[in-house]
Amino acid sequence: MGIQYEENRKIFKLDTDNTTYAIALTPEGYIGHAYYGPRLREFGGAYRLRTAEAPFTPSVNKREKSAFLDCFPAEYPTGGIGDYRESCLDVRNGQGSLGAELFYRSHRIEQGKPALEGLPASFGAAGEVETLHLFCEDPILGLRVELLYSAFPKEDVIARSAKISNAGRQPLRLEKAYSACLDMDSQDFEMITLCGSWARERHIQRRRIGYGRQRVSSLKGESSHQEHPFLALASPGATQEQGEVFAMHFVYSGNFIAQAELSQYDQVRMVMGIHGEEFSWKLNPGESFQAPEAVLCYSAEGLGKMTRSFHDFYRDHMIRSPYKYKKRSVLINNWEATYFDFDTEKLLAIAKEAKARGIEMLVMDDGWFGKRNWDDSSLGDWQVNLEKLTGGLPDLVRKVNEIGLEFGIWFEPEMVSPDSDLYRAHPDWAIQIQGREATLSRAQYVLDLSRKEVRDYAYECVASILRSAPISYVKWDMNRQLCDMGSGSLPPDRQQELFHRYVLGLYEMQERLVTEFPQLLLENCSGGGARFDPGMLYYSPQIWCSDDTDAIERLRIQEGTALIYPLSAIGAHVSDCPNHAVGRSTPFATRGHVALAGAFGYELDITKIPEEERAQIPGQIETYHKYEPLMHSGDYYRLLSWTDQKPFDCWMVAAKDGSEALVTYVQVLGAAGRRSKHIFLKGLQPDARYRLEGTQEA
Ligand code: GLA
């Protein structure tokens, strides 16, 4: 299979169907990055480490060890001893000094892939993936590091992570523990990232890299609206079909850094991991720290090939939900229909009309609990508001089921409102710095999920509601970012662990949820798409993409999101016009076409929209279900891009066997004096004849 070790040349060669990744060891045991690129039949290229060139390795030229370390292409560079580029691992010893140096000790190659304790990670059976464990050591610190590389041949993906263990006698402090590094020669790369804001998530950004460090990152406690844990370096002018692309994507939902650094020797170092700022981890003797996973993908055939590799990879090796390829009920969510102003009667009226038009599930959004009539109270008090839901929740669910719809519900379990019984009883459960008034955001605080009793409380609130009635779907929201990082239960020398412990706590809660309710359809959400990342995909097969539901704005947001995420993961709804976020009016049909490129639903007051729009709903749902299997399993091709300032947008999904394809074209702006346009399709079988549906045309 794909991973081989050549003992005499000390080279590890990791092959996927179209790529090779090579690691070479120096005589001293330094672990060097030798190659990543198109698949090679043989790799003898340890010379690529350039250890035969001055300044040479330390055993040849100890005098210039620092110069060696500062240009050696390292697999997992360490800080403090002379490599002045960005390090991946910073360790402080018992005396407070920073410095570590890793040497190869042994390795193991196994079929399949181990799980990462407490973290989401890709998976695959023997035959689908093979894993290299590289065991290395800093003998002075008694530090052991296990570098993991899992090669997925079919998807052309290498998943990397690192486990750091203190096998010595003194307590150590990790000040940085990234997940992956890629050292390469500069090729005038362009850096592709996904950036934005609330309601403007994941717009594609492209810029040429220059000397120094350029990064995207988050220190907000979540992957964020603003920057995304994704970084691709592409050869200049790479297109959908042409050019090389080296991509990294982080399987993590908290603080991150993704950085490219062009050094004095025109070498590029690309790193990804948990942000080192506001991170430090005490590692007592015998303890280990598991860094999250980074997904690496190389494409020699432009961005399109990279996209399709990621789509296949996430569908088959990250999303666990039984719904990943299954029919998902078309839902109607009452948020943009009613906001907080609803009751049983209103919901039932929506449900009845929804049923009449073919919709399959009603989702009750924010405002059903405590005294929550606005966004300034009651988070944490997850008891049904009987003034709104007069007969109680089981009664409402029963009535909705009787109408013929499934029922779904909204929660924001990680939060607490100052105006809540929970906060009055347990003010110390909120994340805050002692003696300082914590900063409010959306009038709420964040619960300290590093504490077990807090997680247990929040989990039970959700689970007891789910146990009380047949609820098919949960929207798990998170509507503010973290600050005032103080935990009432961590000692001073562990306070900087809080950001990561929070994320671990969140993962533990979601793991409990999907374990106790395996048939639940879970949709994650964070003020729209602020926590849209591969980590959350491990728990939920779909994530709400953005609070901007305007069909035109969505073109850019969904193009950026679909650059790496499969369409089945992208929550997309038809909403009312003028659009609540931007005030634009678009045809109902356009809204439907754009939402079809995602996990489809409605978000409007169906009892109020015009009859000619309601009349289109059954047809939209029929179309959605007809193409759902294709959209959820086919190959995605980006044909034209509104982001590139064209007046139109166009994408298609082709079945893997080439039997059918769905093409979506949106004319964003009208223009006078233009003729129609040819669209050149991709992914079709050259020797097949295709029929344009609804016509006899071939
Ligand atoms: C977030 C979500 C919305 C809605 C509101 C409710 O903003 O993204 O869809 O659920 O919260 O408060």
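Are glutamate 353 and arginine 614 buried or exposed? Both glutamate 353 and arginine 614 are buried, where buried means under 20% relative accessible area, exposed over 50% and partly exposed in between, with a 1.4 Å probe and protein chains only. The model shown is predicted, so that local features need pLDDT of at least 70 and side-chain atom pairs count only at pLDDT 80 or more, while totals for chains, interfaces and linings use all residues. Residues are numbered from 1 along each chain as its sequence is written, and side-chain values use heavy atoms, with hydrogens and water left out.

**View 1. A salt bridge between glutamate 353 and arginine 614.** The closest N and O atoms of glutamate 353 and arginine 614 are 3.3 Å apart, and the pair links distant parts of the chain, with glutamate 353 in helix α4 (residues 344-356) and arginine 614 in helix α12 (residues 611-614), 261 residues apart. Here a salt bridge is a side-chain nitrogen of Lys or Arg within 4 Å of a carboxyl oxygen of Asp or Glu, and helices (H or I, at least four residues) and strands (E, at least two) are DSSP runs numbered from the N terminus. A search of the whole structure finds 61 salt bridges.

**View 2. A salt bridge between arginine 442 and aspartate 366.** In this pair the closest N and O atoms are 3.9 Å apart. Arginine 442 lies in the loop between α6 (421-425) and β25 (445-446), and aspartate 366 in the loop between β22 (361-364) and α5 (393-403), so the pair ties together parts that are 76 residues apart in sequence. Arginine 442 counts as partly exposed because its relative accessibility is 28%, whereas aspartate 366 counts as buried because its value is 1%.

View 3. A polar side-chain atom of aspartate 365 lies 2.6 Å from an oxygen atom of the ligand, and for aspartate 547 a polar side-chain atom lies 2.5 Å from a ligand oxygen atom. Taken alone the ligand exposes 300 Å², of which the protein buries 96%, with accessible areas from the Shrake-Rupley method and a 1.4 Å probe.

**View 4. Strand β16 (residues 256-262), with seven of its seven residues buried.** Phe256, Ala258, Ala260 and Leu262 point one way from β16, and Ile257, Gln259 and Glu261 point the other way. Strand β13 (residues 212-218) runs antiparallel to β16 and is joined to it by seven bridges, two strands being paired if DSSP finds at least two bridges between them. The bridge partner of serine 217 in β16 is isoleucine 257.

**View 5. The hairpin of β16 and β17, with four residues between the strands.** Strand β17 (residues 267-273) pairs with β16 in the antiparallel sense over six bridges, and alanine 258 stands opposite methionine 272 in β17. In the turn, aspartate 266 has a positive phi of about 60 degrees.

Conventions:
A polar contact is a pair of N or O atoms within 3.5 Å; within protein, one must be able to donate a hydrogen and the other to accept it, and residues adjacent in sequence count only if both atoms are side-chain atoms.
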